[in-house]
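Reader: Hey, I'm new to this one. Could you walk me through it?

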Amino acid sequence: MTEITTETPLSLNYDAATRDDAAFNRQFNHGFKTIDDLQMHYVIGGDGLKTIILLHGFPQSWYEWRAVMPHLLEGHRVIAIDLPGLGDSTGSLPSYDKKTLATYVHRLLVSLGVVSGVKLVAHDFGSSIAYALAANYREQIASLFIMDFPVTGGALTFEQLKPLSFHFGFFTEKPLAEMLVEGREREFLSYFFESLAVDASLVLDGLDEYTRVYSRPGVWHNGMEWYRAWPADEQDNADSMKRPLTLPVRILTQEFTYEPLLAGLKDAAPDATGRPVKGAGHWLPEERTEEVLSEIRSFFGYADRLATAAA
């Protein structure tokens, strides 16, 4: 297991979900690193020569990858990151546009000695950071695998997305989204997870942990600001699309979002491939863990068999 030098955490209850998990603690460590005015939290394990980076979606944290991570350790170092302003990251940000936020992830990785060859996996809003990383730090990112997220800036726009779900508009309402949810995080998260799931029990298994992190001061607000920055992200993406990605790119989505999301991604990466996951909801890493694992391992060239987590 990777040994790390870390800082004293500002989020004192960061290990609430893992401190009594013996299997986790044999394989992974929590780490913290301050970038400017933000202390970032990450989870790291493995000692392989290759590196896989996992970026979570909203409203989740690194914890959405808990069932995936042990099966990616074979030959790899695995790092799941709490994205800037979310999870157990603590501090202030100068902006919420994803080009800016991607610099925090980039600099965190450099501080960990990860400067090239990154195999990048992202779900939901983590994919916005992932695309910004791939577009702006091309020497660092070797391949990109995203799940159920619209890369806007080409033919696909944020305005086209708004009718698909209530949250696209609601989260941009300031300060209404904070006023109605803060203090009621558990109730809202439960409703939101169920509304976008086929089998909600699988994602609700993490409800306690997601409630904990989104009840931390400022975290829910930060998440809303991620959505409010979408117009800036769209313009940044449009600029990046002038120089299309040439690295391997793949997307998994729900069935009904597959065609428009793949088309939007192809504006950024013309050779991108993908497929829909039949009968799944939005929370793919938790609702369809084995299928997601199989796709990730195939895309990144693992052996055919799934690795067995150490006993």
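Predicted model: local features only at pLDDT ≥ 70, side-chain atom pairs only at ≥ 80, totals over all residues.

Reader: What's the volume of the largest pocket?
Author: About 340 Å³. The pocket is lined by 21 residues, and the closest to its centre are D148, H167, F168, Q254 and H282.

Reader: And how does that lining divide into nonpolar, polar and charged?
Author: You get 14 nonpolar residues, 5 polar ones and 2 charged ones.

Reader: Switching to the largest nonpolar core: which residues touch the most other members?
Author: That would be L55 and I81, in a core of 104 residues. The helix that gives the most to this core is α3 (residues 126-136), with 7 residues.

Reader: What does L55 touch, leaving out residues up to four places away in sequence?
Author: Quite a list: W65, I81, L83, V105, L120, V121, A122, H123, G126, I129, A130 and L133.

Reader: New topic. Which residues of helix α14 are buried?
Author: In α14 (residues 289-299), those are T289, V292, L293, E295, I296 and R297.

Reader: OK, and what covers them?
Author: The cover includes the strands β6 (118-123), β7 (141-147), β8 (249-254) and β9 (273-277), along with helix α13 (284-287). Just past α14, G301 has a positive phi of about 80°.

Reader: One more: where does D239 lie?
Author: D239 is in helix α11, which covers residues 230-240.

Terms used. Residues numbered from 1 in each chain as written. Heavy atoms only, no water. 1 Å grid on protein atoms, 1.4 Å probe; cavity = no way out; pocket = protein on both sides within 12 Å on 5 of 7 lines; lining within 4 Å. Points joined across faces, edges and corners; volume = space filled by probe spheres on them. Nonpolar A, V, L, I, M, F, W, Y, C, P; charged D, E, K, R; others polar. Core = buried A, V, L, I, M, F, W, Y, C linked by side-chain atoms within 4.5 Å. Buried < 20%, exposed > 50% of the residue type's maximum accessible area, 1.4 Å probe, protein only. Helix = DSSP H or I, 4+ residues; strand = E, 2+ residues; numbered from the N terminus. Contact = heavy atoms within 4.5 Å.
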